[in-house]
Structures are given as C-alpha cells and as structure tokens.
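Good morning, and thank you for the time. I would like to take you through salt bridges, a cavity and a surface patch.

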Amino acid sequence: MHSLLAAFWNDGLAPDASMGLVWTHAVADAVSALSYVAIAVALFVLVRRRTELSYGWAFWCFAAFLAVCGLAHAVNILGLWHPAFGLQAVVKLVGAAVSLAAAIALWLLLPKAFTLPSAAELHAANRELEERVRERDAALGDLRAQAAQREHAEAALLQSQKLEAVGQLTGGIAHDFNNLLQAIAGNLELIARKPDDGDRVVRWSASALNAVERGRALTGQLLAFSRKQRLDMASVRLVELIGGVKDLVERAVAPLSHVQIKPIDPALNVEADPLQVELAVLNLAFNARDAMPEGGTLTISAERRSGQVAPDLAPGDYVALTLRDTGTGMSPEVLARAAEPFFTTKGVGKGTGMGLSMAYGVMRECGGGLQIESEQGKGTAVTLFLRVARVEPRRAVEDDARSDQRIDLSDCRITLIEDDPEVRTTLVEMLRAAGAEVREAGDGAEGLELIRARKPDLVIVDFAMPGMSGADVAREVRQTDPDLDVLVVTGFAESSQLEALAGPHLQMLKKPFESHELLRRVADILDR
C-alpha cells in the first residue's frame with residue numbers, strides 16, 4: 001500500500017515499474033470516458049426529443065466537448081501500454097477546439113441566463129397566471145349567461161313580432177269573423193224556420209259549413225303565427241303557399257294599397273317551413289304598407305334561378321320569391337342596416353325593427369338567403385331565396401267516397417271527456433249516431449274514474465280543460481294502461497305537452513272538425 005501511494009509522488013517511476021499504478025490510471029480513465037460519453041449521449045437525446053429548445057446549438061457544443069473529453073481518456077488508456085503521442089496530440093487539438101467553442105457558447109449564454117426568472121419569480125408568475133385563468137373563466141361564465149339572456153330576449157322579441165303581426169290584422173280579422181258568424185247564424189235561422197224544406201236545408205247547411213271551413217282556415221293561420229314551434233322543413237308547393245297567405249297579405253296592406261300576385265309556376269317546389277315563410281312574407285307586407293303611406297301596389301312574383309344567385313349563397317338551384325313595393329324606398333345608409341335586429345326608421349311604438357331581421361333568419365335556417373334592392377322614391381324589392389325541393393310535396397287527397405260512406409262503430413266503448421257541455425253533447429250525438437257506446441265526463445278526474453270503472457276501447461279528451469288538462473289525462477292513462485288509445489281534440493296552439501307524450505297510442509284532431517272527420521279518425525284508430 002505504501003509503495004502504491006509513493007508511486008503517485010515519484011516522478012521518475014516508469015509506468016511499468018508498478019502495475020497497480022497502471023491499472024489505477026486505466027480504471028480512472030475508463031470511468032471518466034464512459035461518464036463523459038454518457039453525458040454527451042444524454043444531451044444528444046435531449047436536443048433530439050425537445051426540438052423546441054431555444055438554445056439547442058449550445059447543447060450540441062457541450063455534447064461535442066464531453067464526447068471529445070471521453071475520447072481523450074480512452075486514448076490515455078491506450079497510451080499506458082502502447083504510447084501513441086501523435087494520436088494523443090490530434091485528440092488534444094480537437095478537444096482544444098471543441099472546448100473553445102463550448103466556452104464561447106457558455107459566455108454567450110451567460111447574459112441570457114442572468115435574465116431567466118428565479119424560482120420565486122416563476123411562482124409569482126404562476127399565481128398571476130392562475131388568477132388570470134380564474135378571471136377568464138368568470139368572464140366566460142358571464143358571457144355564456146349574457147348569451148343565454150340574449151337568446152331568450154331574441155326569442156321573446158321574435159314571438160312578440162309574431163303577435164304584433166296578428167295584432168296588426170285585428171281589424172280585418174274581426175270584420176271577416178263577423179261575416180262568417182253572420183253567414184252561420186243566418187243559415188241556421190233559415191233552417192230553424194223551414195226544417196221540412198229538404199232541398200233548402202241542404203243548401204243552407206252547406207253554406208254554414210263552408211263558413212265554418214273558412215273560419216277554421218283563418219284561425220289555423222293565426223294560431224300558426226302565434227305559437228312557438230320548431231323549424232319543420234318540408235317540400236312545399238310555392239303556388240299553394242302564396243295562395244294560402246294571400247288573404248292575410250291583402251289585409252296587411254289594406255285599405256290604401258293593393259296586392260298583385262303574378263302567375264307562379266305550379267311546378268316550383270321549395271324546401272322550407274311553410275308557416276315560417278308565410279310569417280316572413282306577412283312581415284315584409286307590413287313593411288311595404290308602411291313604406292306606402294299614401295297607397296301603392298305590392299307585387300309578388302317568383303322565378304327559378306340557378307348558379308351563384310347571391311354572394312352569400314352556395315351555387316345551386318333556388319326559387320327567388322320577390323316582394324316589390326312602390327313606396328318611398330331607402331337611402332344607401334338605411335339599406336346597409338336594413339336587416340340588422342332592432343334597427344328601424346319608424347317612430348316609437350310603430351315597429352320593433354325585427355321584420356327584415358326575422359325574415360333573414362328564417363331564410364338562413366331554411367338554407368336560403370335574402371337580398372334587398374331599394375332606391376329612394378322608387379320603392380323596394382325584397383327577394384327571398386329558397387332552395388328548390390328535390391322531392392314532390394305530399395298532397396292531401398280527400399277521399400269523398402269514404403267520407404260519404406257510413407261508418408259503423410257498433411260495440412265500440414268510448415269515454416268522452418269534454419268540459420264544454422254544448423261541444424260534449426254534439427260529440428256524443430255524433431258518436432252514438434254511428435253506433436258507439438259513449439260514456440261522458442265533464443272534467444279529467446271524472447273521466448279517469450269512468451276509465452277505471454270500465455276500460456273503454458278509446459278515450460277522446462279535450463286538450464284545454466281547467467284543472468286536469470288533456471295532456472294530464474293522457475299521461476295518467478299511459479301510466480295505468482299504455483296500450484289504451486287516446487284521441488286528443490284541441491283548438492289550442494301550444495302542443496309541446498302533447499309532443500312530449502307522442503307515441504303510437506296518442507293522436508290529435510284539430511278543432512273545428514266535421515262529424516265524418518271525427519268518425520273516420522275513430523274508425524282508423526280502432527281499425528274499423
């Protein structure tokens with residue numbers, strides 16, 4: 001042991017004089033070489049894996065420096081037994097160059113290293129970032145709440161716009177209903193006076209029923225405009241859609257202006273929600289009326305267009321439905337903002353500014369668009385672009401032969417629940433005349449008792465009743481007997497409660513209806 005330690009201080013001792021000293025040098029150089037190479041490989045892997053490192057070139061310099069150091073130690077091991085002064089000199093020269101490069105790189109990085117944040121600064125920055133994230137999340141929550149409130153407000157305003165449209169028609173509608181009531185009352189009075197005059201009774205009753213049919217069509221349109229509903233896309237025959245809303249449009253522009261509808265090709269079918277399009281047309285008619293305070297003409301026309309029909313629409317096949325008035329027109333400034341929600345040039349209380357905006361929204365939901373052309377003093381033309389339907393509309397065909405055929409409901413047990421005694425009496429007479437066994441109730445609770453006492457084949461219930469509505473009755477029936485058929489009769493617009501109960505054993509029939517409609521529906525449900 002003493003001889004080994006003495007060898008470290010004996011400059012004159014040759015390497016082969018002490019094998020212990022030789023192996024000490026070899027082991028130390030080997031460990032150093034492996035360590036240097038291992039560190040160099042680690043830096044190499046780090047730079048290759050983390051390509052986003054800002055100072056990767058400096059890591060390459062250090063890796064090269066460490067690799068050369070490891071090589072120098074390996075050459076030293078070789079020199080213990082086979083001196084290779086030339087190789088050692090080359091390795092030392094390379095090592096010197098690489099060391100110089102690494103030193104320069106380190107000094108270049110030193111100023112930048114001084115600017116790096118400390119652990120305390122990083123911690124403070126993290127706290128600040130967390131606070132900003134919390135503030136951002138709170139702001140996003142506020143934005144979501146504001147967006148929800150805005151959507152609710154817009155929905156309320158759109159509903160208000162629909163009701164406003166109905167309100168503006170009130171005078172004309174009251175006049176029409178008075179005429180209808182007069183026709184019904186007059187014909188019934190004539191029948192009461194001469195009940196034995198068969199031919200005239202048939203004619204008078206047909207006239208009264210015709211008035212009822214016209215009243216049903218009118219109330220159907222009004223309920224469609226006033227109710228909240230989902231977009232219901234369907235293939236629609238445009239000539240029938242415009243024909244159906246023609247009377248309302250004429251009332252909208254009356255009495256100073258009139259409507260001219262140019263012939264529409266019966267083959268023009270569009271993909272749209274007909275009720276929403278009718279409402280859009282009606283609102284545009286109100287705008288045209290207001291733009292023609294001294295009277296004028298509202299012209300409605302339609303034509304098929306293909307290709308790039310509007311800048312904001314994809315190329316395709318469209319039907320251009322144009323409403324052109326002879327009113328005051330719009331200035332370029334007003335025209336640029338015409339479709340903005342709540343923008344209006346009308347006085348306070350004379351409009352919400354949602355007519356054009358609503359029409360534009362409906363067109364976008366239907367896959368179409370809206371275009372406005374206007375010039376002051378020369379009128380305005382609003383064009384609604386609707387997609388051409390790819391399928392033919394379903395046509396409702398009235399089976400006259402079947403309506404005239406007597407329907408036999410013998411041995412059918414029916415429970416009728418209706419709160420209006422006059423309506424209930426009429427329905428009971430209709431059903432019993434067809435042979436049905438009818439048990440009647442004036443409210444939902446009484447009707448459910450009748451159903452529990454004796455299970456019927458069918459339950460007919462009115463939707464709008466005080467206390468327990470028709471929807472409540474249908475829900476109770478479904479819980480106790482899911483297979484029992486229920487027919488809900490209603491003249492009410494809001495049917496979301498019934499839509500929630502939709503199923504194979506629940507059907508609806510809109511009021512008013514004729515006896516053959518009721519009997520046919522009952523027969524279809526009972527497979528008669």
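Which residue forms a salt bridge with Lys 455? The partner is Asp 481, with the closest N and O atoms 3.0 Å apart. A salt bridge here is a side-chain nitrogen of Lys or Arg within 4 Å of a carboxyl oxygen of Asp or Glu.

Please note that this is a predicted model, in which local features need pLDDT of at least 70 and side-chain atom pairs count only at pLDDT 80 or more, while totals for chains, interfaces and linings use all residues. Residues are numbered from 1 along each chain as its sequence is written, and side-chain values use heavy atoms, with hydrogens and water left out.

To return to the pair, Asp 481 lies in the loop between helix 15 (470-480) and strand 11 (485-490), and Lys 455 in the loop between helix 14 and strand 10, so the contact ties together parts that are 26 residues apart in sequence. Helices (H or I, at least four residues) and strands (E, at least two) are DSSP runs, numbered from the N terminus. Asp 481 is buried, at 18% relative accessibility, and Lys 455 is partly exposed, at 46%. Buried means under 20% relative accessible area, exposed over 50%, and partly exposed in between, with a 1.4 Å probe and protein chains only.

A second salt bridge joins Arg 454 to Glu 437, with 2.5 Å between the closest N and O atoms. Arg 454 lies in the loop between helix 14 (444-453) and strand 10 (458-462), and Glu 437 in strand 9, so this pair links parts 17 residues apart in sequence. Arg 454 is partly exposed at 37%, as is Glu 437 at 36%.

I turn now to the largest cavity. Its lining includes Glu 437, Arg 454 and Lys 455. A cavity is a set of points on a 1 Å grid over the protein atoms alone where a 1.4 Å probe fits but cannot get out, and lining residues have an atom within 4 Å of a point. Strand 8 gives the most to this lining, with three residues.

Elsewhere, Arg 305 and Glu 303 meet in a salt bridge of 2.9 Å, N to O. Arg 305 is partly exposed at 28%, and Glu 303 at 40%. Salt bridges also link Arg 237, Glu 240 and Glu 392 in a network. The count of salt bridges comes to 17.

Key: On a 1 Å grid over the protein atoms alone, a cavity is a set of points where a 1.4 Å probe fits but cannot get out, and a pocket is an open set with protein on both sides within 12 Å along at least five of seven lines; lining residues have an atom within 4 Å of a point.
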